[in-house]
Amino acid sequence: MSTARVSAQEQGGVRAGNPDGRVLRFSLGSRLAHWNHAITFLILLFTGMALVVRGFGGLLGTAGLRFFGQLHRWMAIPFTVLTIPILLIAARRATARWVREVFRFDRDDLRFFPGFLRELFGLKGDMPPQGKFNAGEKVNSILQILGWPVMVITGWMMVYKTHLPASLMQWVIPVHSLTAMLLGCVVIGHIYLATLLPGFREGLSGMLSGWVPARWAKEHYRKWYDEIAGE
């Protein structure tokens with residue numbers, strides 16, 4: 001049995017005899033970790049904006065701001081403690097591969113960005129073959145991996161700010177806000193690509209059911225498709 005076939009079995013591979021012609025892209029553990037991170041982050045982002053952006057206070061009123069503040073703190077708990085245990089317990093091998101691949105860029109990854117920009121503006125792009133994660137997904141993953149501990153540490157420092165020096169908190173608060181803005185822009189762009197941009201929307205089914213069309217996988221992630229198909 002070839003190495004490629006073994007890899008295909010480990011990841012689900014091409015479903016033999018599947019009339020729909022689909023391939024397994026993400027396991028249940030990977031999807032649970034993704035959605036826990038995504039949903040809690042979005043709730044934290046919008047409740048956090050309501051707490052700090054001038055004008056929201058008048059719209060929400062005192063009771064509304066108090067509710068948003070409590071919701072913000074409650075969502076910080078699953079954002080902090082759930083994602084990594086899910087990845088390590090339910091998707092250990094997939095997580096190890098994800099971390100290993102997203103920090104490795106080759107020439108095809110660098111050639112991805114000009115083609116992606118052309119497709120983003122409705123032009124025909126020359127897309128080089130990609131692995132399981134394209135170069136844009138690698139950048140998104142790196143920002144999430146590096147940004148998550150910053151958000152967690154600074155966020156909990158803000159919860160217990162009365163126990164910390166004021167000189168320290170004057171740096172913690174802007175770092176927390178700027179990191180949230182950066183990650184928020186990345187996540188909103190990710191949602192736009194996954195839900196609205198033609199040619200990318202099929203990827204959303206991979207995060208919902210785990211499966212994506214084989215034709216689409218071959219077109220967008222040729223290196224990964226060749227690996228799992230043993231081609």
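## Confidence

Residues 1-10 have a pLDDT that stays under 50, and the model has ten contacts beyond four places in sequence for them. Where pLDDT is low, the predicted coordinates should not be read in detail. The structure is a predicted model. Across the protein the average pLDDT is 89, and 91% of the residues score at least 70.

## Annotated transmembrane regions

An unreviewed UniProt entry carries the annotation "transmembrane region" for residues 32-53, 73-91, 142-159 and 171-197. In the model, residues 73-91 are 89% helix and 0% strand, with their end C-alpha atoms 27 Å apart. Residues 142-159 are 100% helix and 0% strand, and the end C-alpha atoms of this span lie 26 Å apart.

## Nonpolar cores

The largest nonpolar core has twelve residues in all, among them Phe 41, Leu 45, Phe 79, Trp 148, Val 152 and Leu 183. At least two residues of this core come from each of helix H2 (28-52), helix H3 (56-81), helix H7 (135-159) and helix H8 (166-195). Leaving aside residues up to four places away in sequence, Val 152 touches Phe 79 and Thr 80.

## Two sides of helix H5

Helix H5 spans residues 92-102, and its buried residues are Thr 95, Arg 97, Glu 101 and Val 102. These residues lie on the same side of H5 because they cover an arc of only 165° around the axis. Arg 92 and Arg 93 are exposed on the other side of H5.

Definitions and conventions:
Residues numbered from 1 in each chain as written. Predicted model: local features only at pLDDT ≥ 70, side-chain atom pairs only at ≥ 80, totals over all residues. Heavy atoms only, no water. pLDDT = per-residue confidence, 0-100. Contact = heavy atoms within 4.5 Å. Buried < 20%, exposed > 50% of the residue type's maximum accessible area, 1.4 Å probe, protein only. Helix = DSSP H or I, 4+ residues; strand = E, 2+ residues; numbered from the N terminus. Arc of directions from axis to C-beta. UniProt positions renumbered as here; feature names shortened; annotations may be inferred. Core = buried A, V, L, I, M, F, W, Y, C linked by side-chain atoms within 4.5 Å.
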